[in-house]
Amino acid sequence: MLGRTANGLYWMFRYIERAENSARLIDAGLRMSLTRSEATEDDWEGVLQSADVRELYDQVHEGLTSGDAIDFLLRDRANPSSVMSCIEAGRNNARMVRTALTRETWEAINECWIEMKGILARRAKTTDMPEIIDTIKRRAGLIRGAFHGTMLRNEIFNFSRIGTFIERADNTARILDVKYYVLLPAVSAVGSSMDNVQWESILRSVSAHRSYGWVYDAELRPANIADFLIANGRMPRSLAYCYDKLVSNLGYLAREYGERHAAHETAEQTLGLLRSQSIAEIMDQGLHQYLKEFINQNNRLGREISDGYRFYQ
Amino acid sequence: MINADSSPRQPYSTYHQWYASQDRNRLIAKSKEAEKIFRKTGITFAVYGHADSSEKLIPFDLIPRIISGREWRRLAQGIEQRVIALNAFLDDIYHKQEIIRAGRIPRELIERNDAFLPQMIGFRPPGGVYTHIVGTDIVRTGEDQYYVLEDNARTPSGVSYMLENRETMMQMFPELFHQNRVRPVENYPNLLRQSLASLAPAGCNGKPRVAVLTPGIYNSAFYEHAFLADMMGVELVEGSDLRVIDGRVKMRTTRGYEAIDVLYRRVDDDFLDPLTFRPDSALGIPGIMDVYRAGNITIANAPGTGIADDKAIYSYMPEIVEFYTGRKPLLENVPTWRCSEPKSLAYVLEHLAELVVKEVHGSGGYGMLVGPTATKKECAAFAEKLKSRPGNYIAQPTLSLSTVPIMVNKGIAPRHVDLRPYVLVSDKVQIIPGGLTRVALKEGSLVVNSSQGGGTKDTWVLED
């Protein structure tokens with residue numbers, strides 16, 4: 001396969017993942033401002049930080065309002081992580097690597113782009129938000145379904161999956177890192193209603209507010225939330241799950257190509273740590289420091305994959 | 001579709017019965033459905049110079065154009081004869097130039113032509129094939145009366161529409177394909193791949209590696225390039241993906257550099273090799289012509305084939321066919337006045353309102369004058385252009401093209417069409433039974449180009 005095609009697949013799936021993530025962050029933000037009587041613009045501050053676009057926002061807007069923040073996250077082309085920017089970038093990559101995709105997968109992303117372009121042509125009204133978020137999730141689901149249902153399990157599949165999980169691991173780590181302070185033991189000793197809202201918001205940002213109850217008891221506890229998002233191998237957005245998938249997809253490539261790269265070492269090492277360290281140990285070391293290092297390591301893995309498999313644009 | 005006595009023409013009889021039994025509203029709904037299918041599959045093309053309309057659809061008409069098996073066989077013989085002559089002509093002008101020596105074609109017409117590539121002199125491509133893929137443009141003027149408009153021996157496009165139009169028709173009206181015995185076109189990508197692979201360089205061991213070269217996603221025909229690569233199961237590459245290493249053309253893969261044996265290029269000669277042709281080309285591969293001349297890659301179609309479909313050469317096609325096949329051409333040429341000749345120019349200027357005037361190197365329906373539909377002012381302006389550069393133009397009479405029905409708001413209406421069958425050349429000549437039928441959607445119009453508001457329809461060749 002061309003190094004350019006592998007690169008295109010990798011980024012196509014990173015962008016699709018990011019689009020969904022941005023939509024989920026908006027959803028969590030909206031929810032928070034609904035449940036809190038003293039809703040402040042601070043909530044959106046956190047959302048923008050989780051999306052890693054806080055500084056970019058200030059370059060475009062004078063002050064922080066919920067309306068501007070939503071618009072920035074949803075459809076501003078000046079924001080490369082906005083839902084619309086991501087869908088467009090994902091679709092452009094898909095168009096470039098079209099020969100690598102099944103017709104069903106291509107049509108799913110192309111139709112997603114056609115529909116979202118229509119829906120997001122104008123600034124969205126607050127009343128329309130639930131429907132818009134729903135459409136984004138549904139469209140992303142259709143892309144995923146077409147991809148899983150029709151693609152050959154070959155290198156094309158592996159590079160796509162690797163893009164998905166590098167992006168997802170980064171997103172989950174960021175969401176946790178922005179809110180790490182509300183998970184600190186000192187603060188959480190007494191679970192105020194304010195804390196509960198924050199905790200639930202973290203879970204919502206990764207669509208895990210329901211599944212949490214199935215795995216832990218109904219009560220929200222910071223250590224359990226951190227455990228769920230970092231170490232729980234059954235939670236599809238956890239760091240451990242992402243790395244499990246990264247290691248297995250890189251493993252398929254190593255077998256098919258008959259060679260290993262630095263990326264294989266890095267991914268396996270990270271997975272090993274995720275499996276062996278308890279959440280108590282991580283919290284003791286310092287959650288913020290841990291997440292910062294994880295994000296750096298994840299970026300390094302991305303570069304190593306790109307070098308090892310000769311990606312180029 | 002309909003005879004003068006208002007009975008349906010023979011190949012249309014089964015279809016006509018079906019059509020008469022259809023509910024109009026259902027057909028209109030189907031028509032919209034077709035558009036949706038095209039939009040979501042991304043069957044779009046780009047129109048140059050329209051920044052905001054970067055992806056347009058070619059209108060699709062759902063009434064098929066139907067050709068009887070008998071009529072097709074005659075047509076196919078004529079096309080085959082012509083394609084064989086084209087290849088013989090190319091081989092001759094790049095070698096002994098006997099046709100020039102025999103005085104049938106003026107030397108300067110060849111050697112002063114931009115499409116003639118001196119780099120090809122004395123070189124014979126693998127298998128002696130120059131035009132691997134040809135799309136002959138044909139118009140019908142009456143029963144068994146066909147004229148060739150253009151030979152399209154460089155890089156004919158549009159074959160993806162032939163395939164998608166058929167696919168769409170089969171999806172929407174499966175019953176029609178039970179009732180009519182329509183010859184298949186779907187195996188085109190397989191035939192193309194086999195045909196290309198069979199012409200790999202002599203030194204190629206094992207399974208030849210084929211790739212499609214595209215100028216990139218901003219090219220108007222990118223969809224088609226991606227589609228063909230996908231359907232053939234071969235790599236789609238851009239110039240920047242390729243490099244000449246150790247005398248081979250290699251592509252940058254996830255495992256390192258790997259050699260290509262056959263390149264189906266959809267990039268013009270000028271841009272193919274910046275070291276040989278346009279130095280500013282970013283679409284080509286520096287040094288590919290050296291690899292080619294050393295016999296280490298097959299390029300399809302061969303560089304320099306453009307000389308055979310040049311509009312000035314076109315007027316000599318009857319002589320060319322006769323010279324190389326020893327027989328009269330089975331298909332007619334449209335009578336052509338070469339404006340470079342003073343007598344012809346005088347005639348053309350006098351009869352401008354009856355003629356179609358085209359640029360010798362033009363394509364896509366740009367820069368032409370359709371006399372009968374042009375205003376006096378347009379004619380006068382064009383006459384000035386003609387006088388200042390007569391050698392740049394040829395003129396042809398407007399033929400009374402036959403029409404086929406299309407769906408319009410009020411029912412069906414006749415429109416002018418042309419036909420582009422696709423031909424694959426290897427050690428044999430294969431003509432795909434069908435092709436691309438382009439329709440001039442505007443009432444009375446003769447211009448079928450998609451960039452000028454033309455549409456397409458499925459083309460059926462019946463088994464009979």
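Biologist: Accessible areas come from the Shrake-Rupley method with a 1.4 Å probe, and for residues only the protein chains shown count as cover. What is the accessible surface of chain A?

Modeller: This is a predicted model: local features need pLDDT of at least 70, side-chain atom pairs count only at pLDDT 80 or more, and totals for chains, interfaces and linings use all residues. Residues are numbered from 1 along each chain as its sequence is written, chains are lettered from A and ligands numbered from 1 in the order in which they are written, and side-chain values use heavy atoms, leaving out hydrogens and water. Carbon and sulfur atoms hold 48% of the accessible surface of chain A, which comes to about 13,300 Å².

Biologist: How many strands does chain A have?

Modeller: Helices (H or I, at least four residues) and strands (E, at least two) are DSSP runs, numbered from the N terminus. Chain A has 16 helices.

Biologist: What radius of gyration does chain B have?

Modeller: Chain B holds 15 helices and 22 strands. The radius is taken over C-alpha atoms, and the globule rule is 2.2 Å times the number of residues to the power 0.38. For 464 residues the rule gives 23 Å, so chain B is as compact as a globular protein of that length, with a close value of 22 Å.

Biologist: Is Gln97(B) buried or exposed?

Modeller: Gln97(B) sits in the loop between helix H3 (69-93) and helix H4 (98-101) of chain B. Leaving aside neighbours within four places, Gln97(B) is in contact (heavy atoms within 4.5 Å) with Asp92(B), Arg107(B), Glu111(B) and Phe116(B). Buried means under 20% relative accessible area, exposed over 50%, partly exposed in between (1.4 Å probe, protein chains only). Gln97(B) has 10% relative accessibility, so it counts as buried.
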